[in-house]
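Colleague: I am new to this structure. Please take one part of it and go through that part closely, in plain terms.

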Amino acid sequence: MFSLFTVFIPSFEVMTQRALKNENSNHHEKIEELIHKHPVFIFMKGTPDQPMCRFSALVMDIFENLRVNVESYNVLEDPLMREAIKDYTDWPTLPQIFIDGNFIGGADILQELNDNGELKKMLPGNSNE
Amino acid sequence: MCQIISPELVSKIDDRLLSAFNGEKYEINDGDGLHPEVVVESAKFKGMNRVDQHKMVYGALHDLLKSGELHSVNVKTKILE
């Protein structure tokens, strides 16, 4: 009876791995929900009104000038989400911009797309005129 | 909050770019002192979209990004025709 009992308990390591995997996939699910729910979505440091890093501020400036409604997530609020988004896109920096659920890149790519007029064409036509 | 751009860090970035983009043109600018800018012009980028081009540069700097020594870098890429 003792040996039966030990067979059914997974090792601590297995349980930790499962817990971590679960945590990560929970975050990935949340990310998918957010990027598909909102036409323009930004994972950033800080908020649209108070960006906490130069590149996040730059991204907000670009969208403000184009009068585009954006939704965002402040990764400073959740270190696990901060890691999860980098894992999801396999992209090591923030901010990260999504348009229509597609990963566009970071502030530098956004700037380039804006400078050459490509960004305007990608926008889902949700300017608040 | 942001990283320190020391000459040592710049030298490490230089080292990794030299390995990854052997012989091709690249530049490291210390931007505003907080966010370095890395400009790479490479034939390796042919056929790649911007995201993948940047990922290649990030890939070269992977260990620095992973250790947290570098967590913010402006990347500009150009395809060498």
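Modeller: Start with A:Ile42, which stands opposite A:Ile97 in β3(A). The model is predicted, so local features need pLDDT of at least 70 and side-chain atom pairs pLDDT 80 or more, while totals for chains, interfaces and linings use all residues. Residues are numbered from 1 along each chain as its sequence is written, chains are lettered from A and ligands numbered from 1 in the order in which they are written, and side-chain values use heavy atoms, without hydrogens and water.

β1 (residues 40-44) and β3 (residues 96-99) of chain A pair in the antiparallel sense over 4 bridges. Pairing here requires at least two bridges found by DSSP; strands are DSSP runs of E with at least two residues, helices runs of H or I with at least four, numbered from the N terminus. The open sheet in chain A has 4 strands in the order β2-β1-β3-β4, with mixed pairing.

Across β1 and β3 of chain A lies helix α3 (residues 54-65), at about 160° to β1(A). Such angles run from 0 to 180 degrees between N-to-C directions, with axes fitted to C-alpha atoms, for helices over the stretch in contact (heavy atoms within 4.5 Å). Just after α3(A), A:Arg67 takes a positive phi of about 55°.
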